[in-house]
Amino acid sequence: MAEKKVGSRREFLGKASALRVKMVILGSSGVGKSSLALRFSKDEFKNSSPTVGCAYLTQVVCLHDVTLRFEIWDTAGQEKYHSVTPLYYRGAHAALVVYDISKRESFVRAQLWLRELEKHYIPGETVVGLVGNKTDLPNIRQVSLQEGQSLAESKGLVFMETSAKSGEQTSELLLNIAHRVNQRTMDKDR
Ligand code: GDP
């Protein structure tokens with residue numbers, strides 16, 4: 001029978017252990033937040049702006065003896081007002097700040113989103129990733145790989161460039177985040 005450890009995110013279902021992970025996605029409109037959520041969850045891409053149509057999408061990631069049940073939250077258009085409700089951030093174990101590598105303005109805005117995010121999370125608790133999306137558009141790239149890398153390094157963030165359209169590096173990104181969230185949970189449980 002399923003047993004839940006009170007006050008912990010770790011649920012014991014028979015012998016398997018499942019960790020609930022809330023992951024929020026931030027960034028300017030049009031950078032591909034909903035598309036990434038859809039790629040992570042259903043491994044699909046839609047050319048028009050996908051409407052998630054629910055609070056969050058889910059995906060399960062298995063790491064050796066641990067299963068992580070991701071709840072992937074999309075801003076649902078709130079970012080148009082350059083901020084999102086504090087409720088969105090509450091209890092987030094991971095956050096991705098996304099920019100579009102073909103739009104410099106979105107990279108500038110990503111730095112503002114990172115500052116906004118810093119107001120809401122406890123350092124050392126939330127795993128934060130910086131994501132340069134749309135690598136399938138190399139001919140119109142406006143932000144270099146090095147610029148993204150050095151911004152992430154300066155803030156100690158996970159960094160990856162992805163394409164929600166082709167799926168390039170999207171499962172690697174989710175796996176990377178899963179490993180780090182699991183590591184933090186193990187460190188806290190010790
Ligand atoms: P959001 O506003 O940040 O949620 O962005 P959407 O996911 O709605 O995507 C905005 C537009 O960019 C849509 O037309 C998507 O089809 C497109 N898009 C999203 N990701 C990619 C990508 O990796 N490559 C390309 N070429 N287009 C993308």
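This note goes through the predicted model point by point, from the overall fold to single residues.

1. **Basis.** This is a predicted model: local features need pLDDT of at least 70, side-chain atom pairs count only at pLDDT 80 or more, and totals for chains, interfaces and linings use all residues. Residues are numbered from 1 along each chain as its sequence is written.

2. **Overall fold.** The protein has five helices and eight strands. Helices (H or I, at least four residues) and strands (E, at least two) are DSSP runs, numbered from the N terminus. Along the sequence the pattern reads β-β-β-α-β-β-α-β-α-β-α-β-α. Of the 190 residues, 38% count as buried. Here a residue is buried if 20 or more other C-beta atoms lie within 10 Å of its own, exposed if 12 or fewer, and partly exposed in between, with C-beta atoms placed from the backbone. Among contacts between residues at least 6 apart in sequence, 68% join residues at least 24 apart. A contact means that the C-beta atoms of two residues, placed from the backbone, lie within 7 Å.

3. **Ligand shell.** Which residues come nearest to the ligand? They are Gly-32, Ser-34, Ser-35, Ser-49 and Lys-165, out of 19 residues around the ligand. A residue is near a molecule or strand if its C-beta atom, placed from the backbone, lies within 6 Å of it. The shell divides into four nonpolar, 11 polar and four charged residues. For this count, Ala, Val, Leu, Ile, Met, Phe, Trp, Tyr, Cys and Pro are nonpolar, Asp, Glu, Lys and Arg are charged, and the others, Gly among them, are polar.

4. **Helix α1.** Helix α1 (residues 33–42) gives the largest share of the ligand shell, three residues. Eight of the 10 residues of α1 are buried, so the helix is largely enclosed by the rest of the structure. The buried ones are Lys-33, Ser-34, Ser-35, Leu-36, Ala-37, Leu-38, Arg-39 and Phe-40.

5. **Asp-43.** This residue comes just after α1, in the loop between α1 and β4. Phi of Asp-43 is near 55°, a positive value in a residue other than glycine. Most residues other than glycine have a negative phi. Asp-43 has 11 C-beta neighbours inside 10 Å and therefore counts as exposed.

6. Strand β4 (residues 56–63) and strand β5 (residues 66–74) run antiparallel and are joined by eight bridges. Strands pair if DSSP finds at least two bridges between them. Val-60 has Arg-69 of β5 as its bridge partner. Two residues lie between the strands of this hairpin, and His-64 in the turn has a positive phi of about 40°.

7. **Strand β6.** In strand β6 (residues 94–100), seven of its seven residues are buried. In a regular strand the side chains alternate between the two faces of the sheet. Both faces of β6 are covered: one side holds Ala-94, Leu-96, Val-98 and Asp-100, the other Ala-95, Val-97 and Tyr-99. β6 pairs with strand β7 (residues 127–133) in the parallel sense over seven bridges. The bridge partner of Ala-95 in β7 is Val-128. From β6 the chain crosses through helix α3 (residues 104–118) to β7, and this β-α-β crossover is right-handed. That is, with the strands pointing away from the viewer, the path from the first strand over the helix to the second runs clockwise.

8. **Nonpolar core.** The largest nonpolar core has 44 residues, of which Met-23, Ile-25, Ala-95, Val-97 and Val-98 touch the most other members. A nonpolar core is a set of buried Ala, Val, Leu, Ile, Met, Phe, Trp, Tyr and Cys residues joined through C-beta atoms within 7 Å. Not counting residues up to four places away in sequence, Val-97 touches Leu-26, Gly-27, Ala-110, Trp-113, Leu-114, Leu-117, Leu-130 and Val-131.

9. **Lys-134.** Lys-134 lies in the loop between β7 and α4 (145–155). Phi of Lys-134 is near 80°, a positive value in a residue other than glycine. Is Lys-134 buried or exposed? It counts as buried, because it has 26 C-beta neighbours inside 10 Å.

10. Gln-169 lies in the loop between β8 (158–161) and α5. With 17 C-beta neighbours inside 10 Å, Gln-169 counts as partly exposed. Gln-169 touches Met-160, Glu-161 and Thr-162, not counting residues up to four places away in sequence. Glu-172 is found in helix α5 (residues 170–189). Glu-172 is exposed, with 11 other C-beta atoms within 10 Å.
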